[in-house]
Amino acid sequence: MTIDPQPDELVSSWLHRLAIANGIAPRPFAGVLGLGGGMWSPRLDLQLPRDVAVLLGGQTGVPHEAISAMTMTGWALTPLLLPLRENARRNRSTWMQFCSLCLADEAPHFHRQWRLASRISCFVHGCGLRDRCPACHAGIAAPDQADLIPQHFCVRCGFDLRRAPKVSVKTAARRLERSIHDICRIEAAKGSLTIGTVVSRVLRAPVVAGVTSATSLTTLSTPARIRCFEQLAERSDDWLAPGGGNAVAQRRRLVLAAGGHDRLIACLANFMDKRQGSPRPAL
Ligand SMILES: [Zn+2]
Ligand SMILES: [Zn+2]
């Protein structure tokens with residue numbers, strides 16, 4: 001039985017759904033693919049061996065390009081990925097985040113964007129992300145699921161993650177997150193060499209915010225990163241767009257000031273409309 005990949009779905013998430021649809025739990029499915037246990041599927045997100053990709057393409061009919069698009073191979077934002085670890089202390093990052101409202105989708109799946117330490121909220125639902133089950137505080141352990149239970153249920157306690165209470169994040173922090181996302185997206189799309197400087201500045205966010213002793217954003221739990229962004233949102237934008245009049249720094253400052261690229265475009269469009277709509281000042 002074939003399962004269609006969903007937009008922005010991770011290959012690990014697709015494999016967990018594919019396994020269950022075919023009557024195999026994710027943990028034994030690793031053996032079917034000839035892989036070891038533990039974090040077998042999140043490792044495939046990072047690098048999908050060619051023989052596994054060929055096997056999956058052949059068995060599912062999903063085009064090779066669609067399968068490789070679900071991985072994060074060659075992604076300019078790779079340094080921002082949360083580290084793979086099965087157990088993490090309470091205040092440390094887990095490997096995966098989620099939005100409970102997104103999981104209420106008819107094909108519950110995990111997104112590539114949720115693996116990024118620079119993401120703290122859902123752009124669709126406006127709520128904060130979570131990195132642990134609210135009932136037992138375990139991280140997402142979907143690769144280790146030994147029963148035929150979909151991945152939106154906590155593997156450790158069975159809690160339905162779609163029922164997790166909403167997390168609120170201050171508007172200013174969400175605007176900062178959106179701006180960082182857009183700056184990374186634009187500079188990565190242009191193949192700009194400056195993407196490396198943005199990524200390294202974002203990674204140093206906890207140092208700039210002074211909220212914890214952590215030196216990298218990727219080590220922090222989602223609640224700690226939300227606090228970090230809320231602190232940073234109250235400061236000037238200079239930490240991300242340092243002084244200097246070059247075009248890249250200026251664009252970053254404009255996106256940050258507007259709270260995202262779409263808002264910046266909307267402001268510009270509004271400005272142009274006003275100018276065209278009122279050719280001469282009213283008397
Ligand atoms: Zn959502
Ligand atoms: Zn749980």
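**A zinc site and its surroundings**

With angles of 103 to 118 degrees among its four donor atoms, the zinc ion (ligand 1) has a tetrahedral site (for four donors, that takes all angles between 85 and 135 degrees). This is a predicted model, where local features need pLDDT of at least 70, side-chain atom pairs count only at pLDDT 80 or more, and totals for chains, interfaces and linings use all residues. Residues are numbered from 1 along each chain as written, chains are lettered from A and ligands numbered from 1 in written order, and side-chain values use heavy atoms, without hydrogens and water.

So who holds the zinc? Cys-99 (SG), Cys-102 (SG), Cys-122 (SG) and His-125 (ND1) are the protein donors, 2.1 to 2.3 Å from the ion. Donors here are N, O and S atoms within 2.8 Å of the metal (3.2 Å for Na, K and Ca), and water is not among the atoms, so sites may look incomplete. Along the chain, the zinc donors follow the spacing C-x2-C-x19-C-x2-H. Cys-99 is buried, at 1% relative accessibility, while His-125 is partly exposed at 30%; buried means under 20% relative accessible area, exposed over 50%, and partly exposed in between (1.4 Å probe, protein chains only).

Now for the charges and rings. The charged end of Arg-119 sits over the ring of Phe-123, 3.6 Å from its centre, and that of Arg-112 sits over the ring of Trp-75, at 4.6 Å. To count, NZ of Lys or CZ of Arg must be within 6 Å of the ring centre and within 35 degrees of the ring normal. Phe-110 is buried too, with a relative accessible area of 2%, and Trp-114 is buried at 4%.

Note on methods:
Tetrahedral: all angles 85-135°; square planar, octahedral: opposite > 155°, others 65-115°.
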